[in-house]
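Subject: Structure for your review

Dear colleague,

Please find below the structure that I am handing over to you. My findings follow it, and I would be grateful if you read them with the structure open.

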Amino acid sequence: MAENERVPAERKRRRPTSSGVVLSADLIVDTARELIDTQGAQAFTVRKLGAALGADPSAVYRYFRNTEELLLALADRLIGESMTGFAPSGDWAADLRDFALRAYRSALRHPQIAVFSTVRVTGRPHEQRAVETGIGLLLQAGYDDAAAVRHYHALVDTALGHAALDAGVLRLAPAQRAADERAWQAEYGSLPAEEYPVLHRVRDHLPVMAGSAVESALDLLIAALRSEAPGR
């Protein structure tokens, strides 16, 4: 994705495009999300975005300095979606679990975007509000400032790490996912007990589908946080 480093003096287009659409930053982000969801991040270009908007590709740069800025805005949009409707209950541990699962599920709704959104720092309003909220919950639990920040990173990295992994599975072709599932059942499920006693013992539990591990990982982490919380 080639970047354009121009910073135009006027970043808003008030006149409709040739297709009659009035551009806005939100419309550009929404259209980019749709394109990446359907075609993948690697295939995304500003030229394709312009065509989808019915505008010259250069019009995008009235709102975003380059594609990097656009993709960060898109990643921030997903964070905003994850926080929509989040309402702390007063139980900081339950709220942290909800907070982390929201981030995970938002990424999984857009696996093609998650390939880059889960590893970036947007520095934008939605992310800023999310970080404020997450660290605030840990301060509420009684952790000191340094510990709250450290545990926040551990929590979010756990959720987004699982999201990145599971998004990778979802980006596989259906035939590839099916082949992996068959491998768990046909190969690991049929290993001889004499040579692989552990795998033979747990063979019925081996198939692991996307999303099946994140809740267990978060539960372990939050249980540890609850047991160590100074204000418990």
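The largest pocket of this predicted model holds about 520 Å³ of space. Its lining consists of 24 residues, and those lying nearest the centre are I79, E127, Y152, V156 and L160. Helices α3, α4, α6 and α7 each contribute at least two residues to the lining of this pocket. The largest share of that lining comes from α7, which supplies six residues.

I turn next to the nonpolar cores. The largest of them has 31 residues, and within it W92, L96, F99, L138, Y143 and L155 have the most contacts. Two or more residues of this core come from each of α4 (92–109), α6 (125–140), α7 (145–170) and α10 (214–228). Helix α4 gives the largest share, nine residues. Which residues does W92 touch, leaving aside those up to four places away in sequence? They are L137, Q140, A141, L225, R226 and A229. Another core, of 24 residues, lies apart from the largest one, and I36, L49, L70 and L78 are among its members.

Helix α3 also deserves a description. It runs over residues 67–83, and its 17 residues reach 25 Å from the first C-alpha to the last, close to the 24 Å expected at 1.5 Å a residue. Of these 17 residues, 14 are buried, so α3 is largely enclosed by the rest of the structure. The N-terminal end of α3 is capped by N66, which places a side-chain oxygen 3.2 Å from the backbone nitrogen of E68. Just after the helix, G85 adopts a positive phi of about 85°.

Finally, I draw your attention to R33, a residue of helix α1 (residues 25–39). Is R33 buried or exposed? Its relative accessible area is 16%, and because buried means under 20%, R33 counts as buried. The side chain of R33 makes a polar contact with the side chain of E81, at 2.2 Å. Not counting residues up to four places away in sequence, R33 touches L74, R77, E81, H110 and I113.

With kind regards

Technical notes: Residues numbered from 1 in each chain as written. Predicted model: local features only at pLDDT ≥ 70, side-chain atom pairs only at ≥ 80, totals over all residues. Heavy atoms only, no water. Core = buried A, V, L, I, M, F, W, Y, C linked by side-chain atoms within 4.5 Å. Buried < 20%, exposed > 50% of the residue type's maximum accessible area, 1.4 Å probe, protein only. Helix = DSSP H or I, 4+ residues; strand = E, 2+ residues; numbered from the N terminus. Contact = heavy atoms within 4.5 Å. Expected span 1.5 Å × (residues − 1). Polar contact = N/O pair within 3.5 Å; in protein donor to acceptor, adjacent residues only side chain to side chain. 1 Å grid on protein atoms, 1.4 Å probe; cavity = no way out; pocket = protein on both sides within 12 Å on 5 of 7 lines; lining within 4 Å. Points joined across faces, edges and corners; volume = space filled by probe spheres on them.
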